[in-house]
Amino acid sequence: MTQTERGKPLIALQDIVKQYQLGKTIVPALQGVDLEVMRGEFTVVMGPSGSGKSTLLNIIGCLDSPTSGTYQFAGTEVGNQDFDKLAELRNRKIGIIFQSFNLIPVLNVIENVEFPCLMRKDPEPLTSLRARVVKLCEDVGLGPYMKHRPDELSGGQRQRVAIARALITHPELVLADEPTANLDSKTSDQIIALMQQLNQRMGVTFIFSTHDPRVMQHAKRVVHIADGKIVEHSPQVAA
Amino acid sequence: MLPPLLRIAFRNVLRNRRRSLITFSAVFLALGIMVSIRGFLNGLQATIRESVVLGQTGALQVHRTGFLKSVSASLDLSIPSDDAFLAKITAIPGVKEATARIMFGGMPNANDVSTAALFTAMDPRRELTVCPRRNEMIYRGKALKDSGPAAAILSPELAASLGIKLGQKATLLTGDRDGVMNALDFEFVGEYGQPGLPLPDKKLGFVPLAFAQELLRMEGRATEIAVALHRFEDAEKVKPVLQATLGPEYEVSTWHDVAAYIDDAIATQNFILNLIAGVFLFVALLGIANTMLMSVLERTREIGTMMSVGVRRRQILTLFLLEASLLGLAGGVLGSIAGGGFVLYYGHKGMILPIPGMLAPLHVFPLVSAGYILFILGLAAGGAALAALWPSVRASRMRPVEALSAV
């Protein structure tokens, strides 16, 4: 990261509108969202169910495209890119963590974590990749479970696999869509602490969506969203 | 280590074992049956070919040019039948033996009954060196080689219309090449044909060559030379050499040329086999298409997950096509092994097929080529991929956000 890059936002959304068509009804999910996220930030998007958090994260993660508005990722407009270019962007620069873990059931922990790297056109040599995967799995507390398949792991362990999978590609941004919603409070705290630790140690930008007010206390920056609009930017608070 | 997509495809096939097993079984059965039927038909067709070549036609035949095209078997278009002429033919590499024949029409007469019939005259001993199975069709009485010089083997229809029994005498009346009538007595020594099996020409007779040459005043002449090769499969190779040796005055034909009906029958059999095989394979491939469609529907979320970590559309497509091909190939390989085992076992042991009304049962030795097995394996794997194309394209065309939100 250069000095110039450091001063510019990693994410810049301008007047993002997203509408869904349900039969003859048009449902507005986002209604003119402006948002900038700087590199290295740990941002929480807060809001009740149906407020548009997931839609916002899907657009930021290039899983969905806005109906209108512009989206720049690291200074590049992504709205007009084709599927494979966006796939490349997701593969190299964005890591995504889901509420329901979304692991590939036929792959074990190591294989799930290394999977994104193996899908590249120019995958790195397996020996060095494996070494990185093992190190990362140990870092996130999966050391004893590396040969386990997802159905042999607890919810917290599965989410750790998802975190490791999101981080193995050295992404610039990690999106976590309600990553603690399916976890008990103790495991939730551990997962949030782990993500904060990775944010601080690796400098990865995190955007985190939740409707759990308890999570807020860990955030440096909180963006409140309601009815598809950003209603409040909370100032950074000490974690 | 397997490439990642192949590894995932392999594990996905094993994931829903029961469903994969049903699909696998359909392909297994289809290919097992295809290989078995092909092997059986190859054996049957070889038996038919052999019985025609070794029992009737010989591998090659020599006629005077124009003989085969003439409407009636004209005695004017005769050829030499002497040892020197036959030696010229047998000197050609690949040729084993040659024998002369005369085909002519005559009016056998007995008990004041005359009837028109077709006769084939042959050298009783040499004929068996070219067509060793010639006498297999004599189901009663003696062969010409075991009879006197004025003997005849007749079809049952001819014998019945003349009202004669084995050992009785009759007279054969015919015109020679100049149209002058001549007649000789003969003894009815053997009955030709299989009871219950209709002959294409019902009034047929066989007489010794010397008898016919005397009757037709054709000493040293014949209308046809039948040629045996060391390998009858070499007929097409030896034909041009023999033709060049004999010159344009003569016309050399292979058994294919003179017994085209055999090729027609084989082609019909093959068509029916291909149709049946096609239906079997089609049904099996429908099973694969169904399996893959269900798989895509069940794994929509997983497809979304893959897309979210940056898997490209083509890779998703490849994954599902690989899964279908693996199913097709696994069922195909084991089906081919089972079918191949059947063919190998009976190819070695032989199958004895009693045909109702026939004296001797058919001996069939099933045989199948590695090329055919490879071809249908390719067809099964490729067909499976083709059958899975639509579900796979459907999977790869999903929008990530929609795939991820699937229940």
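This is a predicted model: local features need pLDDT of at least 70, side-chain atom pairs count only at pLDDT 80 or more; totals for chains, interfaces and linings use all residues.
Colleague: Which residues of α12(B) are called buried, and what do they pack against?

Modeller: A residue is buried if 20 or more other C-beta atoms lie within 10 Å of its own, exposed if 12 or fewer, and partly exposed in between, with C-beta atoms placed from the backbone. In α12(B), the buried residues include B:Ile373, B:Ile376 and B:Gly383. The buried residues of this helix pack against α2 (17-57), α9 (260-298), α11 (313-349) and α13 (389-396) of chain B.

Colleague: Why is B:Arg177 called partly exposed?

Modeller: B:Arg177 has 15 other C-beta atoms within 10 Å, so the in-between class applies. This residue lies in the loop between β8 (169-175) and β9 (181-192) of chain B. Leaving aside neighbours within four places in sequence, B:Arg177 is in contact (C-beta atoms, placed from the backbone, within 7 Å) with B:Leu75, B:Asp76, B:Leu216 and B:Met218.

Colleague: And what makes B:Val333 partly exposed?

Modeller: B:Val333, in helix α11 of chain B, has 17 other C-beta atoms within 10 Å, so the in-between class applies here as well. B:Val333 and B:Gly175 are 158 residues apart in sequence and 65 Å apart in space, C-alpha to C-alpha.

Colleague: How do you know that strand β12 (residues 224-229) of chain B is largely enclosed?

Modeller: 6 of its 6 residues are buried, so the rest of the structure largely encloses the strand. B:Glu224, B:Ala226 and B:Ala228 cover one side, and B:Ile225, B:Val227 and B:Leu229 the other; all are buried. In a regular strand the side chains alternate between the two faces of the sheet.

Colleague: What makes β12(B) a partner of β1 (residues 60-64) of chain B?

Modeller: Two strands pair if DSSP finds at least two bridges between them. β1(B) and β12(B) share 3 bridges and run antiparallel, so they pair. One bridge joins B:Leu60 to B:Val227. Strand β3 (residues 95-110) of chain B also runs antiparallel to β12(B), with 6 bridges, and B:Val95 has B:Leu229 as its bridge partner.

Colleague: Moving to chain A, why is it called as compact as a globular protein of its length?

Modeller: Chain A has 8 helices and 10 strands. Its radius of gyration is 18 Å, close to the 18 Å that the globule rule gives for 239 residues, so chain A is as compact as a globular protein of that length. The radius is taken over C-alpha atoms, and the rule is 2.2 Å times the number of residues to the power 0.38.

Colleague: Why are β2 (25-38) and β5 (76-77) of chain A called edge strands?

Modeller: They belong to an open sheet of 4 strands in the order β2-β1-β4-β5, with antiparallel pairing. β2(A) and β5(A) each have a single partner strand, so one side of each is left without a neighbour in the sheet. Strand β4 (residues 68-73) of chain A and β5(A) are joined by 2 bridges, including one from A:Gln72 to A:Glu77.

Colleague: Where do the two chains touch, and which residues take part?

Modeller: The contact takes 19 residues from chain A and 18 residues from chain B. On the side of chain A, α3 (83-93) and α4 (109-118) give two or more residues each, and α3(A) gives the largest share, 6 residues.

Colleague: Finally, how confident is the predictor in chain A, and where is confidence lowest?

Modeller: On pLDDT, the predictor's confidence in each residue from 0 to 100, chain A has a mean of 88, and 95% of its residues reach 70 or more. Within chain A, helix α1 (residues 3-7) is lowest at a mean of 55, and α4(A) is highest at 95.

Terms used
Residues are numbered from 1 along each chain as its sequence is written. Chains are lettered from A and ligands numbered from 1 in the order in which they are written.
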